[in-house]
Amino acid sequence: MHPETHLALHHTRAAELRAEADAYRLATMARRPRRLRTRLGWTLVEVGLRLASAPKTAAAVH
């Protein structure tokens with residue numbers, strides 16, 4: 001493959017990736033942001049589940 005052809009393909013792919021990134025950025029900005037209370041609540045649920053499923057050691061049982 002000639003270097004000019006390779007470079008042209010690289011520029012085309014780079015432009016496509018930039019367009020995809022811009023489209024993704026716009027889509028994420030258009031989404032309604034989650035409220036802080038909801039995020040905090042789910043974080044607490046996740047922490048609780050991790051604590052509940054933590055393996056018990058002999059020292060923790062006594």
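**Entry 1**

I began with R50, which is exposed at a relative accessible area of 57%; I took exposed as over 50%, buried as under 20% and partly exposed as in between, with a 1.4 Å probe and protein chains only. The model is predicted, and local features need pLDDT of at least 70, side-chain atom pairs count only at pLDDT 80 or more, and totals for chains, interfaces and linings use all residues. Residues are numbered from 1 along each chain as its sequence is written, and side-chain values use heavy atoms, with hydrogens and water left out.

I then looked up the partner of R50 and found a salt bridge to E46, 2.8 Å from N to O. The criterion is a side-chain nitrogen of Lys or Arg within 4 Å of a carboxyl oxygen of Asp or Glu. Both residues belong to helix α2, 4 residues apart, about one turn of the helix. E46 is partly exposed, at 41% relative accessible area.

**Entry 2. Remaining salt bridges**

I searched the whole structure and recorded 3 salt bridges. Side chains of opposite charge can pair when their charged atoms come close.

In helix α1 (residues 3-30), R13 and E16 are 3 residues apart, about one helical turn. Their closest N and O atoms are 3.3 Å apart, and I noted the pair as a salt bridge. E16 is partly exposed at 39% relative accessibility, and R13 is partly exposed at 41%.

I also noted D22 and R25 in helix α1, again 3 residues apart, about one turn. Their side chains form a salt bridge of 2.7 Å, N to O. D22 has a relative accessible area of 40% and is partly exposed; R25, at 45%, is partly exposed too.

**Entry 3. Nonpolar patch**

I looked for nonpolar residues on the surface and found a patch of W42, V45 and L49, with about 340 Å² of accessible area together. Patches take residues with over 30% relative accessible area and no salt bridge, joining like charges within 9 Å and nonpolar side chains (Val, Leu, Ile, Met, Phe, Trp, Tyr) within 5 Å. L49 lies in helix α2 (residues 36-52) and is exposed, at 56% relative accessible area.

**Entry 4. Whole chain**

I counted 3 helices and 0 strands, in the order α-α-α along the sequence. Helices are DSSP runs of H or I with at least four residues, strands are runs of E with at least two, and numbering starts at the N terminus.

Of the 62 residues, 2% count as buried. The protein exposes about 6300 Å², of which carbon and sulfur atoms supply 64%; accessible areas come from the Shrake-Rupley method with a 1.4 Å probe, and for residues only the protein chains shown count as cover.
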